[in-house]
Amino acid sequence: MSKFEILKKEEFVPNFYKLDISVPTIARKAKAGQFILVMVDERSEKIPLTLIDWDKEKGTISFIVQELGLSTSKMAFMEEGDSFYSIVGPLGEPAYLENFGTVVVSGGCYGIGATYPIAKRLKELGNHVITIIEAKNENLLYYEEEFKTVSDEVILVTTDGSKGERGHIYDVLEHMIESQQRQIDHIKVIGCNVMMSKVSKLTKEKGAIPTYATVITIMVDGTGMCGSCRLSYDGKTKFACVDGPEFNAHKIDWEEIIHVRNTSYISEETLGLQNFSPECRSLAKYQEKSKEEETS
Amino acid sequence: MKSKDRMKIVFSEMPTQPPQVRAKNFREVPYGYSEEMALQEANRCLNCKKPKCVEGCPVRVPIPEFISLIQEGKFLEAAWKIKERNVLPAVCGRVCPQESQCEEKCVRGKKGKPVGIGNLERFVADYERFSGHIPEPMRVKKNRKKVAIIGSGPSGLTTAGDLIQQGYEVTVYEAFHLGGGVLVYGIPEFRLPKSVVQYEIQNLENSGVKFVYDSVIGRVRSIDELFSEDGYDAVYIGVGAGLPVFMNIPGENLQGVYSANEYLTRSNLMKAYLYPDYDTPLLTGKNVVVVGGGNVAMDSARTALRLDAKNVYIVYRRSREQMPARLEEVHHAEEEGIQFKLLSSPVEIMGDEKGRIESIRCQRYELGEPDKSGRARPVPIEGDYFELTTDLIIIAIGNKANPLITMTTPDLEVNKWGNIVTDELGRTSKPFVYAGGDIVTGAATVISAMGAGRRSAMAIHEDLFPTTEEITESFMIPKEILELKHVAIYPKSVYLRVNLVNVSEKELDQVKIRISHVHDFFETTMFEKTVPQWSPGEEHEIDCPRIDKSEKEYLITINDLHGKIMSKIIVAEDVKK
């Protein structure tokens, strides 16, 4: 088995792949909430991906890739038996986990997978775990069965209402908080920045329920050396790669993250995709459009 | 050649790419000396009896010796002579601040230009590399001790090079996918071609050093685990400074503001300057502002210029004379058209509604009273501001200590800035853990990091093989084999009569006697003699013409055929009678 070899690749919903890779050193040390930096080949960018599972005995790690930018498109083209050029990890501080009581674990889009190890560990710690997962439509929802094994309740949400509740995570949360059926002691949220910022705003206003968000920014080295991942937190500059990636959501300057920090390379990324392959050109256009929508 | 004739030879100016050409490419700026130029420059060296240049060198390269070899046309031998003290000559010839080290001390500099020591070092190192005459790695008997080195920058590579030659099993852990540390992520191609670094790492690999990439120690392994699980006997931390300092002014998190670390790492390590052939993007600007006055600021400014900037400004708080950058870099930057805004410091960065930077506001400064360091303190002039239109800002005002290792090693003592506290030889508060380079001193030079690496290698060896009766390794011979019979000090030489005792005839088959001066833990070889056969009990006379009798103490070393040290004796003032 060569270094960083793909043992298993699975496209479980369109454009979402789960990859199992052999990296015993990382599998041995990984903790829920940590991430890795991946380079597909020697010309690739380093991109951060959250670990969703690992097996100490087999020496494997798993992560989910959403085919979106150049690197993730390259990954989508990789096959079982192919190897990555570089994988560094586990990076970042593990998530803040203890027996809080009742915990809502929520994940949207690519954040659904990243939520899994956190729910699993919270359940092990004796929490009452309520999982909420969100996607655009029924076809993009995944991991429902896996979540059922590590949660006391699983709530599905789709934007178009094709499965589960209609709307977004914050709509479900708002309903839960207002109906007062159950006291919520702690909330975890992982997903796109806009969604996380809305959850943060809601829980801050509705009784300041402790809410922790996982912020995966643009990164280069993952060791705090470059400052690419810096964000304003409680009036101070923090580095997502060494201080995070999980932060108290109420102290994060979400405006800055959404409008400034994470949109730096849209035009470059689009060019990179166009150069990669003709098939990706349409994807590039789609991506540029959706990012514009997200930021506007 | 007589000294008078040597004095007449003029300095060989280093040929370089013309500024207007090189400002548009990433090829190396100086072309390097030709053989003729190297010979001419070497012949300017007066071969001083008391070589001051060596004192200026943090690793004590035997400068007059290697230059003499160039004078004789023995270029390869000259390179190997340097390598006795410095494992990275091709790197140091390019990036050392010679003007404040060896060349500053050169007597020829008192009147005119000093000998181009850096240029000559570069020449012989390149000559060796291109000749393909790679010296066979020394065959060293393994001593069964394992050392882990964290970080493959200049200090880590030096420690690795020194320890492998003493028989250690050496493993270097590197966080990135390529080795070299700051030499690959920080210093651009036009100043230090990456093939040079790659070659040096290859040499270390050939001699047995193991490199493990993609490994962030502190995360994938703690220092304690390196000892308990991987069975290392010692750990050297050479991880560099690596935590960028920002200015804490409004607008610093806007799009288009980089730390120099990020800008240079993207460009150099991730090869963003070759985008889109390589995937990592890098924002480019038409009007680029670089804040800072060190080598990193010069490197960032000159990189931006090569990536099609129209105007590149360096904004620096102090005056030109106070810039910490290497003289040659400031000179090259200026030639290429970098514009200097001296005695100025940014106060605010302004952006548009999309979060992209538009301009930077700076305040003018004047020089006031000297501060603690003796440099005139820059004082802001009230109400005197100016604004620069800009679409890219690079902050190059230094680095703090990266906390990743100290955070995960609570018993490692750090100072209030987070730098690891060590003794002179790099010993930390934790047994068998050593540290050196920027993580100890704060941001400094490549060569001083190499010096620290060398000192730690000595400490590791001293601690793992203490020179007492406890030594069990068969090849180690107790140091009491050298008996000093007579010492005489003459005006121009020192005479010694020595006797070897307690050794078998076999062990004395061809021994090498070396006499050195010791300064700050560095040995400068002053005399070397090979004795083909030395019978036990036989007295030998050694006349050392180059010994400096003003020295308080000197070191006599006896090496066997394989270069293994058999005995070391320090002769101090009181026995010189």
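The model is predicted, so to speak of local features we need pLDDT of at least 70, side-chain atom pairs count only at pLDDT 80 or more, and totals for chains, interfaces and linings use all residues. Residues are numbered from 1 along each chain as its sequence is written, chains are lettered from A in the order written, and side-chain values use heavy atoms, without hydrogens and water.

**Chain B overall**
- Chain B has 19 helices and 22 strands (DSSP runs numbered from the N terminus: H or I, at least four residues, for helices, and E, at least two, for strands).
- Of its 577 residues, 57% are buried (under 20% relative accessible area with a 1.4 Å probe, protein chains only; exposed is over 50% and partly exposed is in between).
- Take the contacts in chain B (heavy atoms within 4.5 Å) with a separation of 6 or more: 67% of them link residues 24 or more positions apart.

**Nonpolar cores**
- A nonpolar core is a set of buried Ala, Val, Leu, Ile, Met, Phe, Trp, Tyr and Cys residues joined through side-chain atoms within 4.5 Å.
- The largest one has 75 residues, and B:I63, B:F66, B:I67, B:L120 and B:I460 touch the most other members.
- Helix α19 (residues 446–464) of chain B supplies the largest share of this core, eight residues.
- If you skip neighbours within four places in sequence, B:I63 is in contact with B:C53, B:V54, B:C102 and B:I117.
- There's also a second, separate core of 59 residues, which includes A:L231, A:F247, B:I249 and B:L404.

**Strand β2 of chain A**
- Seven of the seven residues of β2(A) (residues 16–22) are buried, so the strand is largely enclosed by the rest of the structure.
- Side chains in a regular strand alternate between the two faces of the sheet.
- Here both faces are covered, with A:F16, A:K18, A:D20 and A:S22 on one side and A:Y17, A:L19 and A:I21 on the other.
- β2(A) runs antiparallel to β1(A) (residues 6–13), joined by six bridges, and A:K8 stands opposite A:D20 (strands pair if DSSP finds at least two bridges between them).
- β2(A) also pairs in the antiparallel sense with β5(A) (residues 60–66) over seven bridges, where A:S22 stands opposite A:T60.

**A helix pair in chain B**
- The axes of α3(B) (residues 35–42) and α9(B) (residues 117–131) come within 10 Å and cross at roughly 140° (axes are lines fitted to C-alpha atoms over the stretch in contact, and angles run from 0 to 180 degrees between N-to-C directions).
- B:E35, B:A38, B:E41 and B:A42 of α3(B) make the contact with B:L120, B:F123 and B:Y127 of α9(B).
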